[in-house]
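Please take a look at the structure below. This briefing walks through some of its main features, topic by topic.

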Amino acid sequence: MEVLSNNDLYCTAALAGLYHVYDPEIGLNVVDLGLIYRIDFNESDKTIIVTMTLTTQFCPMGESITEGVLQSVSHAFKDYKVSLNLVFDPAWTSDRISEEGQEFLNR
Amino acid sequence: MLLSGTDSELQQTTSYKAVLPFYIFAAFSFLISCILLLLNTGIIQEHYFHPKTLAITHLMALGWGTMIILGASHQLLPVLIEGKLDSYPLAILSFIFAATGIPLLVISFYLFNTGLLMQAGAILINASVICFFLNVIASIEGSKKYNVHALFMAAASLWLFITTFFGLMLVFNFSRSWLPQNSIEYLSLHAHIGLAGWFLLMVLGVSTRLIPMFLISKYSNPGILWWIFGLVNTGLLSFIVLKTLQTSEEYYYGPFLLILAALLLFAGYCYQAYKERIRKHVDEQMKISLLSVGMLFLPLISLLIVIVFITEKSGSNIVLLYGFSIFFGWITAIILGMTFKTLPFIIWNKKYRTNADIKTPAPKDLFSEKLFNIMAILYLTGFFIFIAGITSLNDILLKSGAVSLLMSAIVYVWNVIKVVLHKTGK
């Protein structure tokens, strides 16, 4: 699933870390699960905004997943302030799962 | 540096403190119920209005089924209504009242002390249910999301209150005889309001949300859920009217068919969710939960037989088969499965929520899959042997079935303790 960004190079670096952040229940990483909508980098004030969702609002695992995303991006970009923009519109649907994710779930 | 921008947007999930006590109480209630069943297999030959039958039934209905549903509801309510739990203190109060009231009620039934002990137990249980009901309504009101799942929860909680309040009236009727008839005459009404209104509505409402969620299914059909909701409530209301008017038994086929239609729609819903699942691998916990959907039809078959037998004024063991297949069958099967789909996540969240890394165990690693499988085999073996014992009135089969059920309860409690006492390796 495509992740939108204003900086493709940085986005690739952020995603490399996010491939290791898992939904504990499903066992699939947040990128292949399609939870990450976009990552915006602001060079002037050194901030990063990750726009993402959860599979369900008030997901019991939500805090753990968002904390994992924050930690992962902060680790990759140590000089930046990272914040999350958690959105439920558009809501997550299983159509957002990547082909790799589908393969994983088909096992 | 970490800057969490989520605090204001990501609503916190319910604290484990509002959930865990219910699970632990429920686990020991199941264990004690199985011990009492083994010690009293002779009750199968007796009328169902027997002190020990009433004690075991209430321990299973309140201590096991209701306590775990109350606990899980505090955790799952936010998922269902898309809003946070309104009050943590009310959840704790609900536990304290229930945890003191249920033992009092069960002991007084066992000893058939219909006085102060039973009355105090019933009052405390009602206090607990009122706390829970207010919490559910306030949470739904706070979320402003009036979806079908929220309605299932609200209606089920209301029916629970009606059940326990009716129970309270029956308890006082033992000593004061202020109702027109003896308490035994109202037992069927009290039981069915609880079974259909509380357990059935709650399980249907929660399952139709959780089963597709755990299977990652594309299937969703709110229209069918509205039909299920309407059919169960209409079935129950019509049963109450028929009972109150004391109509002849053949009229009971009406509510029976309405509930049957609801269950067929529910089974169809679960099947579609299963068919359209994205996650192909179905774990053992989900399998036993899905099996419980099928196990719903066993009480229905026995209920049909009960309606026929009531006409002939006989067949007390079939009435007990009906009750047994509900409490030790359907309700127990779904709880055994769902405990290990919810409890490990509650503990995992408590231990690893903010410090998960690559070495962190997955929630499913917090319990023993092997113990779970042993428990499932012992449970199913015990359940079916006990059923054979009820139908044949054979005490050896009853005892063997009860032993197997007790062993499954021991393994269940063991696995629950393993999860609750999980220590981080850090």
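The model is predicted. Chain A holds an open sheet of 4 strands. The largest nonpolar core has 175 residues. In chain B, helix 11 and helix 12 pack at an angle of about 175°.

**The sheet in chain A**

- The strands of this open sheet run in the order 1-2-3-4, and their pairing is mixed.
- Strand 1 (4–5) and strand 4 (81–86) of chain A are the edge strands, and each pairs on one side only.
- Helix 1 (residues 8–18) of chain A packs on the sheet and touches strand 1 and strand 2 (36–42) of chain A. The direction of helix 1 makes about 130° with that of strand 2 of chain A.
- Strand 3 (residues 47–52) of chain A pairs with strand 4 of chain A in the parallel sense, over 6 bridges.
- A:Val50 has A:Leu84, in strand 4 of chain A, as its bridge partner.
- Helix 2 (residues 62–76) of chain A lies across strand 3 and strand 4 of chain A. Helix 2 runs at about 150° to strand 4 of chain A.

**The largest nonpolar core**

- The residues with the most contacts inside this core are A:Val69, B:Met202, B:Val232 and B:Leu405.
- Helix 11 (residues 316–352) of chain B gives the most to the core, with 22 residues.
- Leaving aside neighbours within four places in sequence, B:Val232 is in contact with B:Ala196, B:Leu200, B:Leu201, B:Leu204, B:Ile259 and B:Ala262.

**A closer look at B:Thr163**

- B:Thr163 sits in helix 5 (residues 148–176) of chain B.
- Is B:Thr163 buried or exposed? B:Thr163 counts as buried because it has 26 C-beta neighbours inside 10 Å, and the cut-off for buried is 20 or more.
- B:Thr163 and B:Gly194 are 31 residues apart along the chain, yet their C-alpha atoms are separated by 5.4 Å.
- Beyond its neighbours within four places in sequence, B:Thr163 is in contact with residues including B:His190, B:Ile193 and B:Trp198.

**Two packed helices in chain B**

- The axes of helix 11 and helix 12 (residues 369–392) of chain B are 10 Å apart, at an angle of about 175°.
- Helix 11 of chain B is therefore roughly antiparallel to helix 12 of chain B, since angles over 145 degrees count that way.
- Among the residues that meet, helix 11 of chain B brings B:Leu320, B:Phe324 and B:Phe328, and helix 12 of chain B brings B:Met375, B:Tyr379 and B:Phe383.
- The residues of this contact divide into 14 nonpolar, 4 polar and no charged.

How values were computed. Residues numbered from 1 in each chain as written. Chains lettered and ligands numbered in written order. Predicted model: local features only at pLDDT ≥ 70, side-chain atom pairs only at ≥ 80, totals over all residues. Pairing = 2+ DSSP bridges. Contact = placed C-beta atoms within 7 Å. Axes fitted to C-alpha atoms, helices over the stretch in contact; angles between N-to-C directions. Core = buried A, V, L, I, M, F, W, Y, C linked by C-beta atoms within 7 Å. Buried ≥ 20, exposed ≤ 12 C-beta atoms within 10 Å, placed from the backbone. Parallel < 35°, antiparallel > 145°, perpendicular 65-115°, else oblique. Nonpolar A, V, L, I, M, F, W, Y, C, P; charged D, E, K, R; others polar.
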